[in-house]
Amino acid sequence: MDAFTPAKRSQIMGRVRSKDTKSELAVRKALHAAGFRYRLHDRKLPGRPDIALPRFRTAVFVQGCFWHGHGCKRSAAPTSNIEFWSRKLARNVERDAAHRQTLEQAGWNVEVVWQCELCPATERLVGRLTQLREQQSGG
């Protein structure tokens with residue numbers, strides 16, 4: 001049973017952001033500080049990656065653990081309306097996999113930064129992009 005009334009739950013869920021989340025802003029800030037420039041939510045790419053770096057053919061998805069089925073403690077399954085949530089979250093995982101496959105087949109590198117691994121994943125991402133930048137510049 002949900003601890004909130006349906007109206008209150010609707011209000012809470014309505015405030016969940018899909019763009020410009022704190023996690024996404026943190027990754028963007030780190031990339032910008034490292035000298036990388038990027039596009040946001042590029043509609044031309046499958047899945048509209050949160051961050052696209054065309055120069056490096058890299059798409060970055062900053063994903064919330066609950067919404068994208070990471071499997072960590074933050075992605076605990078809801079205890080009410082179980083059938084609805086199971087279908088919804090499974091569909092999100094399927095969609096993510098399809099977008100990733102399409103991007104990779106098009107020659108893009110796909111990076112996923114999970115909400116629960118924000119700092120180490122962001123550091124790894126900046127490191128990989130720095131290596132790509134150095135390879136491109138011949139250094």
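**Reading the fold and its packing**

Reply: Let us begin with the order of elements: along the sequence, the chain runs α-α-β-β-β-α-β-α. This is a predicted model, and its chain holds four helices and four strands.

Me: What span does the C-alpha trace have along its principal axes, and what share of the residues counts as buried?

Reply: The C-alpha trace extends over about 60 × 30 × 25 Å along those axes. Of the 139 residues, 29% are classed as buried. A further guide is the separation in sequence of residues that touch: among contacts between residues at least 6 apart, 56% join residues at least 24 apart.

Me: How should I read the packing of helix 2 and helix 4, and at what angle do they pack?

Reply: One considers the angle, the distance between axes, the handedness and then the residues that meet. Helix 2 (residues 22–33) packs against helix 4 (residues 118–136) at about 35 degrees, and their axes lie 10 Å apart. The crossing of these two helices is right-handed. From helix 2, Ser23, Ala26, Val27, Ala30 and Leu31 meet Leu118, Thr122, Leu125, Val126 and Leu129 of helix 4.

Me: Which residues have the most contacts inside the largest nonpolar core?

Reply: Val27, Leu31 and Val113 have the most contacts within that core, which has 14 residues. At least two residues each come from helix 2, strand 2 (51–53), strand 3 (58–63) and helix 4. Helix 4 gives the most, with five residues. There is also a second, separate core of seven residues, with Ala52, Phe61, Leu103 and Trp108 among them.

Me: What does Val113 touch, beyond residues up to four places away in sequence?

Reply: Val113 touches Val27, Leu118, Ala121, Thr122 and Leu125, and also Val60, Phe61, Val62 and Gln63.

Me: Why does Val60 count as buried?

Reply: The class follows from relative accessibility, with buried meaning under 20%. Val60 is buried because its relative accessibility is 0%. This residue belongs to strand 3. Apart from neighbours within four places in sequence, Val60 contacts Pro49, Asp50, Ile51, Leu53, Glu111, Val113 and Leu125. Val60 and Glu111 are 51 residues apart along the chain, yet their C-alpha atoms are separated by 4.8 Å.

Me: Is Glu111 buried or exposed, and which side chain does a polar contact join to that of Glu111?

Reply: Glu111, located in strand 4 (residues 109–114), counts as buried because its relative accessibility is 15%. Its side chain makes a polar contact of 2.5 Å with the side chain of Arg128. Beyond four places in sequence, the residues in contact with Glu111 are Thr58, Ala59, Val60, Phe61, Leu125 and Arg128.

Me: Where are His41 and Arg57 found, and what phi does each have?

Reply: Here one reads the backbone angle together with the location and the accessibility. His41 has a positive phi of about 50 degrees, although it is not a glycine. The loop between strand 1 (39–40) and strand 2 holds His41, and this residue is buried, since its relative accessible area is 13%. Arg57, likewise not a glycine, has a positive phi near 45 degrees. Arg57 sits in the loop between strand 2 and strand 3, and at 36% relative accessibility it counts as partly exposed.

Technical notes. Residues numbered from 1 in each chain as written. Predicted model: local features only at pLDDT ≥ 70, side-chain atom pairs only at ≥ 80, totals over all residues. Heavy atoms only, no water. Axes fitted to C-alpha atoms, helices over the stretch in contact; angles between N-to-C directions. Left-handed = near helix turned anticlockwise from the far one by under 90°. Contact = heavy atoms within 4.5 Å. Buried < 20%, exposed > 50% of the residue type's maximum accessible area, 1.4 Å probe, protein only. Polar contact = N/O pair within 3.5 Å; in protein donor to acceptor, adjacent residues only side chain to side chain. Core = buried A, V, L, I, M, F, W, Y, C linked by side-chain atoms within 4.5 Å.
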